[in-house]
Amino acid sequence: MPKGSTTSWSYILIWLLFKFVLKIFYGTIVVENADLIPKTGQPCIVCANHSNSLTDALLLVTSMPSRTRNMLRLTAKSTQFGHRTFTSWLIESAGTVPIKRRKDYNNHEVDNSQVMDKLMDALELGDAVCLFPEGASRYHPTIAPLKTGVARIVSDVLSRNRDDPNFSISILTCSVTYMHRQHFRSDVLVTFNPPMTFTPKDNPELLAPVQYDEIRALTARMHQQISSRTIDSPSWEFVRSAKMATRIYAPLGTRMSLGDYVRITRTFVEAFKASDDTQKSKRTAEDQSIDFSKEDIELNQLRRDLKNYQDRLVRWGIKDDRIARPLSLRTITMRMVIRLTWFICLFTISLPGLVLWTPVFITTFIAVRNFKRTGPVWDTFDEIAQYKLVYGLFSGLSVWAACILFTLPSAAITTFLVPAMMWMTLRWTEDAVSAFRAFMALARLLCVGKKTLSEILITRRDLHSRLMNLAVGTLGLPDDPEKFFVERGGKEKGRVRSTWDSGAKYFSVRRRRKRDWNETLRLHDQVDYPEDGL
């Protein structure tokens, strides 16, 4: 069995550096099924959906346990090589292989034969190679049709080793789901799917000369695996409505694991997609007398009502849980005082550390603002997280180095004190922002008025009844989600299991206890997405 390539020092440095940076940028990174990853020495192609540019690759690299795979060989578009930039150095130092894309060469023919030979040589050594079969990163909620390159590489490698009865190669698909990919302290779910393993003996249909139908069938299996564990939606409106449906069906916040939250949301998206696709096909049918089914009409009306309900909550600046669990005036007033007092205390102790964070925030803000001006949403938003990571890393290291230089007599202390202080400031700031956000939400409840709240409550009860009928009767979801999802699973990362656990995690140094998986480091709840078509 091959032993795989040795790990270079630059790869180890990049792994450690971005493991640290990603943990700072994202609040919680949950990795599921890491035990399914083939071990070092087993030729493996890792494939994932591609919606966040270089951040996707870094996330996959840092999500693979080093005790399982010593390295993951990356690929990237050739236009990112040969520049005097940190990103270019980073890509080249990690042993990344350049891939030429036709779109980068005015749609002219490109020659990747040497690159493919390098990838196949690496696989025969027992390496793991990362490829994104969509072909390009894109800021869109749907997974693009996969290109057949991965299936062709598998076929070529098997054909080159057809006389070795012990040779095998695996395709490990991975589904990556970002709650808000470009927002600071949002959450990410990385789910590895069961690997598909191929051998010359068991898969003669993939040996040269191979039928193209076999290549397409394998590509279709990959697409099905990737899309089955993430949210694959035709539009942002469907994602928004499905998340609203999940909050009404199971208002558990982080007492439900991130994986369960994503799977429930995906279930609602798939239901909305099926209904919408059915209506579109019926509209285009030659027989215009065909009636829409009752289920289709009801489901599409439910999606529109969910959108209207969410729009109304956004307009008033309140959350669904405040409608589901009404509070008395006395309780609201008492909680407002507590939240405001807590915010003032946390913000006060955070001020010294915020001085250190200010250059980082300003540098990142300016860099991202200038980058957004270079193109439309669909062409730039998938690289925002990458820009924030790179500029945040540079500016953070600069602040750290400056503090050491200014305190040279006690540099040994400053070297460790400054990072610790910046981390604790971030934790305190997260809790301060959360406290102020809760204070503002409670204040808005007073502004809305009892009559309006009563009307919204009636609307919510109607939506809840219809959603439960859909979830339990049609989709086969549990009829008691609060009991089912609290008891299900174990100590997943970021999950809150009990009242005691909730209180303990609130004061955790490592990770903030969030109220829900939709939370980011902002003064308002992030529930909106770019308009479709931008």
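This report describes the overall dimensions, the helix packing and several individual residues of a predicted model.

**Overall dimensions**

Of the 534 residues, 52% count as buried. Among the contacts with a separation of 6 or more, 77% are accounted for by residues 24 or more positions apart.

**Helix packing**

Two packed helices are described by the angle between their axes and the distance between the axes.

| Helix pair | Angle | Axis distance |
|---|---|---|
| H11 (residues 329-372) and H13 (residues 384-406) | about 150° | 8 Å |
| H9 (residues 294-316) and H15 (residues 450-474) | roughly 145° | within 11 Å |
| H7 (residues 236-249) and H9 | about 80° | 9 Å |

With an angle of about 150°, H11 and H13 are roughly antiparallel to each other, since angles over 145 degrees fall in that class, and their crossing is right-handed. On the H11 side the contact includes Leu356, Pro359, Val360, Thr363 and Phe371, while the residues of H13 that take part include Ile384, Tyr387, Tyr391, Gly392 and Cys403.

Helix H9 takes part in two of the tabulated contacts, one with H15 and one with H7. The crossing in which H9 passes H15 is left-handed. In that contact, residues of H9 including Glu298, Leu302, Asp305, Leu306, Tyr309 and Trp316 meet residues of H15 including Glu455, Ile456, Arg460, Leu463 and Leu470. The residues of the H9 and H15 contact divide into ten nonpolar, three polar and six charged.

H7 and H9, whose axes pack at an angle of about 80°, are roughly perpendicular to each other, because angles from 65 to 115 degrees are classed in this way. H7 contributes residues including Glu237, Phe238, Arg240, Met244 and Ile248, and H9 contributes Arg303, Leu306, Lys307, Tyr309 and Leu313, among others. By class, the contact of H7 with H9 holds eight nonpolar, two polar and six charged residues. Leu306, Tyr309 and Leu313 of H9 are listed in the contact with H15, and these three residues are also listed in the contact with H7.

The buried residues of H2 include Leu54, Asp56, Leu58, Leu60 and Ser63. Ser63 has a relative accessibility of 8% and therefore counts as buried, the limit being under 20%. Leaving aside residues up to four places away in sequence, Ser63 touches Val31, Val190 and Phe192.

Ser53 lies in the loop between strand E2 (44-48) and H2. Ser53 has a positive phi of about 50° although it is not a glycine, and with a relative accessible area of 9% this serine is buried.

**Loop residues elsewhere**

Arg185 is likewise a residue with a positive phi, about 70°, that is not a glycine. Arg185 sits in the loop between strand E6 (169-178) and strand E7 (187-192), and at 1% relative accessibility this arginine counts as buried.

The loop between strand E8 (196-198) and helix H6 (212-227) holds Pro209, which is joined to Ala208 by a cis peptide bond with omega at about 0°. Leu206 is found in the loop between E8 and H6 as well, and is buried, with a relative accessible area of 3%. Apart from residues up to four places away in sequence, Leu206 touches Val154, Ser155, Leu158, Ser159, Phe198, Glu214 and Leu218. Leu206 and Ala220 are 14 residues apart in sequence, and their C-alpha atoms lie 15 Å apart in space.

Technical notes. Residues numbered from 1 in each chain as written. Predicted model: local features only at pLDDT ≥ 70, side-chain atom pairs only at ≥ 80, totals over all residues. Heavy atoms only, no water. Buried < 20%, exposed > 50% of the residue type's maximum accessible area, 1.4 Å probe, protein only. Contact = heavy atoms within 4.5 Å. Axes fitted to C-alpha atoms, helices over the stretch in contact; angles between N-to-C directions. Helix = DSSP H or I, 4+ residues; strand = E, 2+ residues; numbered from the N terminus. Parallel < 35°, antiparallel > 145°, perpendicular 65-115°, else oblique. Left-handed = near helix turned anticlockwise from the far one by under 90°. Nonpolar A, V, L, I, M, F, W, Y, C, P; charged D, E, K, R; others polar.
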